[in-house]
Amino acid sequence: MIVMSAKLKDIRAGDSITFRSLTRYSNEKATRIVKEVPPKGKWMHGYVAVRYAGYGDFYVRLSEIIEHHPLE
């Protein structure tokens, strides 16, 4: 099931997300598996961590997520 408007409470580690990856080298659409969803109170709350472009922890804002694919 593909969810078009993702909410932080619905995203879990292991799910995959499609997002617009704005980096200094590109602005491409990418699909990656979620590594971590920081808990409330942690400095990166509101973001999800994925592996992308050589970064082990590439943080994606909720507003950058295009599609959410739950693990099921």
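Figure 1. In strand 2, Asn 27 is the bridge partner of Leu 22. This close-up, like the others, shows a predicted model. Strand 1 and strand 2 run antiparallel, and 7 bridges join them. The two strands form a hairpin, with 4 residues between them. Strand 1 covers residues 16-22. Strand 2 covers residues 27-36.

Figure 2

Figure 3. Begin with strand 3, residues 47-52. Strand 3 pairs with strand 4 in the antiparallel sense, over 5 bridges. In that pairing, Val 50 stands opposite Phe 58 of strand 4. Now turn to strand 2. Strand 2 and strand 3 also pair in the antiparallel sense, over 2 bridges. Here Val 34 stands opposite Val 50 in strand 3.

**Figure 4. Ala 53 sits in the loop between strand 3 and strand 4.** Strand 3 and strand 4 form a hairpin with 2 residues between the strands. Ala 53 lies in this loop. Look at its backbone: Ala 53 has a positive phi of about 55°, although it is not a glycine. Is Ala 53 buried or exposed? Its relative accessibility is 52%, so Ala 53 counts as exposed. The cut-off for exposed is over 50%.

**Figure 5. The largest nonpolar core has 13 residues.** Six of these residues touch the most other members: Ile 17, Phe 19, Val 48, Val 50, Val 60 and Ile 65. Strand 1, strand 2, strand 3 and strand 4 each supply at least two residues of this core. Which strand gives the largest share? Strand 3 does, with 3 residues. In soluble globular proteins, nonpolar side chains tend to be buried together.

**Figure 6. Twelve residues are named along the largest pocket, from Phe 19 to Glu 64.** The volume of the largest pocket is about 210 Å³. Its lining includes Phe 19, Arg 20, Ser 21, Leu 22, Thr 23, Arg 24 and Tyr 25. Tyr 55, Asp 57, Phe 58, Tyr 59 and Glu 64 also line the pocket. Which elements give two or more residues to this lining? They are strand 1 and strand 4, the latter covering residues 55-61. What kinds of residue line the pocket? The lining divides into 6 nonpolar, 2 polar and 4 charged residues.

**Figure 7. Met 44 is a buried loop residue.** Met 44 lies in the loop between strand 2 and strand 3. Its relative accessibility is 9%, so Met 44 counts as buried. The cut-off for buried is under 20%. Leu 22 gives a reference point. Met 44 and Leu 22 are 22 residues apart in sequence. In space they are 17 Å apart, C-alpha to C-alpha.

Figure 8. His 68 lies in strand 5. With a relative accessible area of 2%, His 68 is buried. His 68 and Asp 57 are 11 residues apart in sequence and 18 Å apart in space, C-alpha to C-alpha. Pro 70 has its place in the segment after strand 5. How exposed is Pro 70, and what is its relative accessible area? Pro 70 is partly exposed, at 27%. Pro 70 and Ile 17 are 53 residues apart along the chain. Their C-alpha atoms are separated by 8.4 Å.

Note on methods: Residues are numbered from 1 along each chain as its sequence is written. This is a predicted model: local features need pLDDT of at least 70, side-chain atom pairs count only at pLDDT 80 or more; totals for chains, interfaces and linings use all residues. Side-chain values use heavy atoms; hydrogens and water are left out. On a 1 Å grid over the protein atoms alone, a cavity is a set of points where a 1.4 Å probe fits but cannot get out, and a pocket is an open set with protein on both sides within 12 Å along at least five of seven lines; lining residues have an atom within 4 Å of a point. Grid points are joined across faces, edges and corners, and a volume is the space filled by probe spheres set on the points. Ala, Val, Leu, Ile, Met, Phe, Trp, Tyr, Cys and Pro count as nonpolar, Asp, Glu, Lys and Arg as charged, and the others, Gly among them, as polar. Two strands pair if DSSP finds at least two bridges between them. A nonpolar core is a set of buried Ala, Val, Leu, Ile, Met, Phe, Trp, Tyr and Cys residues joined through side-chain atoms within 4.5 Å. Buried means under 20% relative accessible area, exposed over 50%, partly exposed in between (1.4 Å probe, protein chains only).
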